[in-house]
Amino acid sequence: MTGKESMVGDPALVIEGISTGYGGHVVSERLSLSVERGSRTSLVGPNGSGKSTTLKTLARLVAPLAGAVYLNGQDINRLPTRQVARQMAILPQVHEVPAELTVLELVEQGRFPHVGALRMLRRQDDEAIEDAIRMTRLEDFVHRPIDTLSGGERQRAWMALTLAQRTEILLLDEPTTFLDVGHQLDLLQLVSSLNRDRGVTIVMVLHDLNHAARFSDRMIAMSGGEVMADGAPDEVLTPGLLRDCFGVEGSVVTDPQTGSPMCIPYSPILDGNDGRE
């Protein structure tokens, strides 16, 4: 299949038969997926399932051993870095930044793919930076050095950097890390509003299955580098998936307020133990 042929339905991202790995360890083989434009997709699975590696491959942070990734119909590994950064932003799990950098200076970096030859910020760049800071509720932290922030405040600062890029595609690798439950919901509601109001395509790795079911149109469950289930949350999040993919016994009920499926895990399935008491 060529890149052009894979653009049926004009998806934002297409993975065609990729194999990924680190050193001699293969994470996934011949994985194929497409992400619809304007959708919200969550990758879920146990530790080591390949979900973060898949996201990094989408973001061109990891080069596939075989296969290809297409961004808006073009092979992402043949595009200039700035062109990719104008179309797609990623919030990674691990952040490295000079400790003395302030929140404002960090968020400003999100505009660098858009600035001209002189690397000067323009009026529209200032507006994007201010908007990102406002959306992440960091107005009182703009002049604070990054190393003086709590883990949750740092995560919000990195989210602001990502939002300042103002891309049509947003990749989030465990975005609720370090956040308490209130800020987790705040961030995920923000992500949903970007999708609803601005049409931003969202792909995110989430550990919390209930958050994934509530804030996604589509869930992709992975295990051992393979897709175990792919579909709407009420099709994917089942007691069978909890057993087969996560190794736990549990129930799935309907959230009385949101209508989304909600899992209630009871116990792990150990050798010789089916989890029932």
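Start by selecting M159 and showing its neighbors: leaving out residues up to four places away in sequence, M159 touches L91, T136, L170, L172, L187 and V191, where a contact means heavy atoms within 4.5 Å. Before you click on, know that this is a predicted model, in which local features need pLDDT of at least 70, side-chain atom pairs count only at pLDDT 80 or more, and totals for chains, interfaces and linings use all residues. Residues are numbered from 1 along each chain as its sequence is written, and side-chain values use heavy atoms, with hydrogens and water left out.

**The cores**

A nonpolar core here is a set of buried Ala, Val, Leu, Ile, Met, Phe, Trp, Tyr and Cys residues joined through side-chain atoms within 4.5 Å; buried means under 20% relative accessible area, exposed over 50%, and partly exposed in between, with a 1.4 Å probe and protein chains only. In soluble globular proteins, nonpolar side chains tend to be buried together.

(Helices are DSSP runs of H or I with at least four residues, strands are runs of E with at least two, and both are numbered from the N terminus. Color R156, M159 and L163 on α5, and H183, L187, L190, V191 and L194 on α6, to see who makes the contact.

Next, bring in α4 (123-135). Its axis and that of α6 (181-198) come within 12 Å and cross at roughly 135°, so α4 and α6 are oblique to each other. Here D131, R134 and M135 of α4 meet L190, L194 and R198 of α6.

**The sheet**

Which order do the four strands of the open sheet take? Look for β2-β1-β4-β5, with antiparallel pairing; two strands pair if DSSP finds at least two bridges between them. The edges are β2 (25-35) and β5 (74-75), each pairing on one side only.

Zoom in on β1. Eight of its 10 residues are buried, so β1 is largely enclosed by the rest of the structure. Seven bridges join β1 to β2, and L13 has V35 as its bridge partner in β2. The two strands form a hairpin with two residues between them, and G23 in the turn has a positive phi of about 60°. Five bridges link β1 to β4, where V14 stands opposite Y70. Y70 also has D75 of β5 as a bridge partner. Now show 51-58: this is helix α1, lying across β1 (13-22), β2 and β4 at about 120° to β1.

**Last stop: α9**

Select 239-246. Which residues of α9 are buried? They are G240, L241, L242 and C245. Their cover includes α7, β9, β10, α8, β11 and β12. Just after α9, G247 takes a positive phi of about 70°.

Key:
Axes fitted to C-alpha atoms, helices over the stretch in contact; angles between N-to-C directions. Parallel < 35°, antiparallel > 145°, perpendicular 65-115°, else oblique.
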